[in-house]
Structures are given as structure tokens and as C-alpha cells.
Amino acid sequence: MRIRIVDAFTDRPFAGNPAGVLLLDAFPDDDRLQRVALEVNHAETAFAHRLPADGGADWALRWFTPATEVALCGHATLATAHVLHTTGAHEGPVRFATRSGVLVATPREDGSITLDFPTAPLTPVEAPAGIAEALGAEPRAVLDTGPNTGDLLVEVADEKTVRGLTPNHRALAAHSERGIIATARAQDPARGYDYVSRCFFPNVGIDEDPVTGSAHTALAPFWSERLGRCDLTGLQASPRSGRVRTELRGERTLLSGHAVTVIDGELLA
């Protein structure tokens with residue numbers, strides 16, 4: 001198996017969110033996929049294989065964290081599309097058959113790739129008891145993001161609060177299926193982003209995800225409503241950091257960013 005490590009939602013190496021990408025002839029058994037993802041040990045490893053030409057999608061795509069398979073992943077989808085286009089394995093828009101339906105990735109003239117994802121259905125909920133202590137900040141608003149992501153979206157006071165969070169990851173695990181998205185309005189939009197976020201996913205083996213495309217399917221509608229614009233840019237303020245351009249289109253959200261291949265090798269085992 002040929003394996004590539006791609007940094008997604010960044011235009012420079014060693015930033016953004018790294019993902020493993022393996023293009024296969026067919027999917028092996030699930031245990032094999034999970035063991036490879038554990039060995040790669042990035043937030044997600046993507047496995048894809050080509051589908052027959054007469055179907056409704058071009059490639060089948062699955063995503064695994066080191067601990068489990070997930071239903072939706074943005075950065076590993078972006079990384080897979082990047083590998084397909086840079087290697088010549090696919091030209092133009094690519095349709096991925098996934099657990100979250102058919103997802104389309106479209107290359108742009110500026111070298112970025114735009115993902116067409118389902119918008120997360122946001123439902124306001126009461127702040128769970130103990131979440132402020134687990135997160136390390138008092139929530140201003142808490143919303144459930146629906147079944148595709150299984151997160152709680154938590155708005156906090158300001159950008160400084162988001163950047164300074166030092167959560168208790170074990171305690172956070174009790175409050176959602178996947179994890180917590182912490183967010184706030186940008187302190188200075190002149191710096192090129194409209195809102196900031198950080199994502200903590202202890203229930204799938206990721207204490208903090210560097211840049212989370214799927215989280216922006218919830219962040220886009222949340223901030224579009226508050227800021228009165230459909231086109232926004234989010235900064236995920238993890239140590240690696242990365243930017244996601246979002247465009248809200250009703251039940252669909254477009255996520256755009258760049259990607260860089262940093263490792264190209266062979267899996268021998």
C-alpha cells in the first residue's frame with residue numbers, strides 16, 4: 001500500500017491538520033483499516049478506492065481515527081482530493097461515496113479545494129452540569145450539532161478565552177458523542193478571519209484536533225446567523241492552526257482550503 005501524509009487546511013507544510021491517505025483497489029477488513037489508522041496515529045486516516053464508472057460516485061471513502069471509524073471528516077476528505085488531483089488519479093470534481101452520503105470535492109484555480117458537505121442541524125440546549133468546569137470557561141450558548149458530527153458547540157466570551165482553554169479532556173468526554181467545539185467571535189476581523197474555534201474530541205481518541213472541517217459545518221450556520229453573512233473565514237486556533245473558508249448554502253455548507261503533501265511512502269506490513 002502506498003501511503004501519503006497530507007497537511008490539510010494550510011498552504012505550508014507542518015501546519016494545518018495532517019491526515020494519512022491510502023488509495024486502494026478495495027477495502028480490506030475493518031480490523032486492518034483500524035490497525036493502519038492506529039499506526040499512522042493522526043487525527044484521521046482516509047481510505048479510498050475507485051468505483052465503477054456508471055455509478056453515482058467516483059470513489060468510496062472511509063475515515064478512521066486511531067480509535068474508531070467516523071461518519072464525517074473534512075480535513076481527510078480534502079487531503080484525499082488533494083492526492084487524487086496532484087497524482088493525476090482523478091481530474092475535476094470528485095464525488096465520494098461516504099457514510100454521510102455523496103460528498104463532492106472541487107479543485108479551484110488558486111490551488112484550493114472546495115468540499116460540499118451537509119450543514120449541521122443546530123439545536124440550542126441547556127448547558128450540561130459540569131461543562132464549564134470541564135472546559136475551563138463559562139458557556140454563553142450551547143448547541144447540539146446533530147448526528148453527523150455528534151458534538152456540542154459552545155460559544156464562550158471572546159477569542160482570548162478560546163485560545164487560553166486548558167480543558168479536562170476526561171471530564172469533557174461525558175458531554176457529547178464525539179466532543180466539544182469551543183468558539184468565539186474574532187477579536188480583530190481585519191486579521192483575515194471572522195471567528196475562532198478549538199475542537200476537543202476525547203471520545204474518538206483525539207484530545208485536540210488541529211483543524212476540523214466537519215466542525216465548520218456547524219460553525220458556518222452559527223456565525224452566519226450572528227454576523228449576517230454567508231461567506232466567512234474561520235481560524236482554528238490549535239497549536240498547528242489553520243483556516244477554513246465557509247459558504248453557507250442552506251442545507252449544504254462549502255468548506256474551502258489548501259493542502260500540502262509532506263510524506264509519500266510505502267506501507268510494508
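Two rings of Phe, Tyr or Trp form a pair if their centres lie within 6.5 Å. Under this criterion, ring pairs link Tyr195, Phe222 and Trp223 into a cluster. The model is predicted, and a search of the whole structure finds three aromatic pairs.

**The pair of Phe47 and Phe64**

- The ring centres of Phe47 and Phe64 are 5.8 Å apart and the planes stand at 85°, so this pair is edge-to-face.
- Phe47 belongs to strand 3 (residues 44-50) and Phe64 to strand 4 (residues 59-64), so the contact ties together parts that are 17 residues apart in sequence.
- Both Phe47 and Phe64 are buried.

**The pair of Tyr195 and Trp223**

- Tyr195 and Trp223 have ring centres 6.0 Å apart and planes at 15°; the pair is therefore stacked.
- Because Tyr195 lies in strand 13 (residues 195-201) and Trp223 in helix 6 (residues 216-227), the pair ties together parts that are 28 residues apart in sequence.
- Tyr195 has a relative accessible area of 0% and is therefore buried.
- Trp223 is likewise buried, its relative accessible area being 0%.

**Charges over rings**

- Arg226 lies over the face of Phe222, at 3.6 Å from the ring centre, and Phe222 is one of the residues in the cluster with Tyr195 and Trp223.
- Arg62 is placed over the face of Phe27, at 5.4 Å from the centre of that ring.

Definitions and conventions. Residues are numbered from 1 along each chain as its sequence is written. This is a predicted model: local features need pLDDT of at least 70, side-chain atom pairs count only at pLDDT 80 or more; totals for chains, interfaces and linings use all residues. Side-chain values use heavy atoms; hydrogens and water are left out. Rings of Phe, Tyr and Trp (its six-membered ring) pair if their centres lie within 6.5 Å; planes under 30 degrees apart count as stacked, over 60 as edge-to-face and the rest as tilted. Helices (H or I, at least four residues) and strands (E, at least two) are DSSP runs, numbered from the N terminus. Buried means under 20% relative accessible area, exposed over 50%, partly exposed in between (1.4 Å probe, protein chains only). A charge sits over a ring if NZ of Lys or CZ of Arg is within 6 Å of the ring centre and within 35 degrees of the ring normal.
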